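This report describes the helix packing, the nonpolar cores and several individual residues of the structure shown below.

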Amino acid sequence: MKNDLVLRVVAKLFTPFVLLFALYVQFHGELGPGGGFQAGVIVAAAVILYAIVFGLPAARRLVPDAIVESMMAIGVLIYAGVGVAGLLLGGAYLDYFVLDRDPVHGQERGIFWVEIGVAITVSSVMLKIFAMFASRGHDPDE
Amino acid sequence: MMAVLVVAVAVQRNLFSVVVLTGIYSFLMASVLVALDAVDVAMTEASVGAGISTVLLLGALYLVRADEAKPMHRPLLPLLVSVGVGAALVYGTLGLPAFSDPSAPIHTHVAPRYLNDALRETGVPNVVTAVLASYRGYDTLGETTVVFTAGVGVVALLRRRRRRGGGGE
């Protein structure tokens, strides 16, 4: 699909808006529908769109494999780290009330970081699975 | 309409059409969820069910043949089993409280506390997010770990095979 002008232009126009919408879903998830999982999927969808139109190697240059693979673990670690932070500050595991002097602020902070962890893991895992499937049957050096 | 789609998926032998039909099914499901006021779930269904899984299935289809293999046996026994299980499940729903009955156990256990206290306790107006990330934080941690494990599993399975193929060339 690399040579289709319409697809290339539309994909290029779409990608930033999709990413922006993902950020909106991520950070507005506390107020409206959405959250880390949905935002992560939308980010992955944006990169997958790019990969489908411009080819997997181009997407790999954009988001190198090493980054995707480490992000898979970083997301879970952020989530678990929020729990450990609660432990260190004298609460129970995943207890957000102790994360700030004001318990409600602590909750907000905890939820914020937890959602970021979810988004990072979900988006990178979706991307990785897609890349793994899409690169089968091709020459790896292509 | 969804029932028609399901029958079409079961009857259709061309896997490409099946993938497209399941995508349509997911979008219809998302509309149903919106009608039920479950916007968060609808969003997930639309993005994961209709978006990502369709792309992944198409990616998998690219690697295999697009036509389903002919079944090796008569489908009579499986049909009987699935109709029997379905009938048992429908019989089971007769014992459930009526739809949107306010005195059903699910609405009287922890739901009132979430709905009444979530904003005051967590400062997050979207109760779904509050329940997911705070009240049920352990569950969501487990969920994230499952996603992570799935990714690691795919990497472990597919990468090794590719390397072996590269070594044989």
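In this predicted model, helix α1(A) meets helix α2(A) through L7(A), R8(A), A11(A), K12(A), F14(A), T15(A), V18(A), L19(A), F21(A), A22(A), V25(A) and Q26(A), whose partners in α2(A) are G36(A), Q38(A), A39(A), I42(A), V43(A), A46(A), L49(A), V53(A) and F54(A). Sorted by class, this contact comprises 15 nonpolar, 4 polar and 2 charged residues. Two packed helices are described by the angle between their axes and the distance between the axes. For α1 (residues 5-28) and α2 of chain A, the axes come within 8 Å and cross at roughly 170°. Angles over 145 degrees count as roughly antiparallel, and α1(A) and α2(A) are therefore roughly antiparallel to each other.

**Chain A as a whole**

Chain A contains 5 helices and 0 strands, and its pattern along the sequence is α-α-α-α-α. The C-alpha trace of this chain spans about 60 × 30 × 15 Å along its principal axes. Of the 142 residues in chain A, 44% are buried. Among contacts in chain A with a separation of 6 or more, 62% come from residues 24 or more positions apart.

**Nonpolar cores and aromatic residues**

In soluble globular proteins, nonpolar side chains tend to be buried together. The largest nonpolar core here has 40 residues, and Y96(A), F130(A) and I52(B) have the most contacts inside it. Each of the following helices supplies at least two residues of this core: α2 (36-54), α3 (56-62), α4 (65-88) and α5 (103-135) of chain A, and α3 (39-63), α6 (111-122), α7 (127-135) and α8 (137-168) of chain B. The most is given by α5(A), with 12 residues.

Where does F130(A) make its contacts, leaving aside neighbours within four places in sequence? F130(A) is in contact with I48(A), A51(A), I52(A) and L56(A) of chain A, and with V55(B) and L56(B) of chain B. A second, separate core has 5 residues, including A22(A), V25(A), A39(A) and M43(B). Of these, A22(A), V25(A) and A39(A) also take part in the contact of α1(A) with α2(A).

A search of the whole structure finds 4 aromatic pairs over all chains. One aromatic cluster is formed by F27(A), F112(A) and W113(A).

**Individual residues**

| Residue | Relative accessible area | Class |
|---|---|---|
| Y96(A) | 1% | buried |
| S26(B) | 7% | buried |
| G49(B) | 17% | buried |
| D37(B) | 69% | exposed |

Y96(A) is placed in the loop between α4 and α5 of chain A. Why does Y96(A) count as buried? Its relative accessible area is 1%, and a residue is buried under 20%. Not counting residues up to four places away in sequence, Y96(A) touches V82(A), G106(A), Q107(A), G110(A), I111(A) and V114(A), as well as A133(B) and S134(B). Y96(A) and H28(A) are 68 residues apart along the chain, and their C-alpha atoms are separated by 19 Å.

In chain B, S26(B) has its place in helix α2 (residues 15-35), whereas G49(B) lies in helix α3. With residues up to four places away in sequence left out, S26(B) touches E45(B), G49(B) and A50(B). The C-alpha atoms of G49(B) and I24(B), 25 residues apart along the chain, are separated by 9.5 Å.

The loop between α2 and α3 of chain B holds D37(B). Most residues other than glycine have a negative phi, and most peptide bonds are trans. By contrast, D37(B), a residue other than glycine, has a positive phi near 70°. D37(B) is also exposed, because its relative accessible area of 69% is over 50%.

Methods:
Residues are numbered from 1 along each chain as its sequence is written. Chains are lettered from A and ligands numbered from 1 in the order in which they are written. This is a predicted model: local features need pLDDT of at least 70, side-chain atom pairs count only at pLDDT 80 or more; totals for chains, interfaces and linings use all residues. Side-chain values use heavy atoms; hydrogens and water are left out. A nonpolar core is a set of buried Ala, Val, Leu, Ile, Met, Phe, Trp, Tyr and Cys residues joined through side-chain atoms within 4.5 Å. Buried means under 20% relative accessible area, exposed over 50%, partly exposed in between (1.4 Å probe, protein chains only). Helices (H or I, at least four residues) and strands (E, at least two) are DSSP runs, numbered from the N terminus. Contact means heavy atoms within 4.5 Å. Rings of Phe, Tyr and Trp (its six-membered ring) pair if their centres lie within 6.5 Å; planes under 30 degrees apart count as stacked, over 60 as edge-to-face and the rest as tilted. Axes are lines fitted to C-alpha atoms, for helices over the stretch in contact, and angles run from 0 to 180 degrees between N-to-C directions. Angles under 35 degrees count as roughly parallel, over 145 as roughly antiparallel, 65 to 115 as roughly perpendicular and the rest as oblique. Ala, Val, Leu, Ile, Met, Phe, Trp, Tyr, Cys and Pro count as nonpolar, Asp, Glu, Lys and Arg as charged, and the others, Gly among them, as polar.
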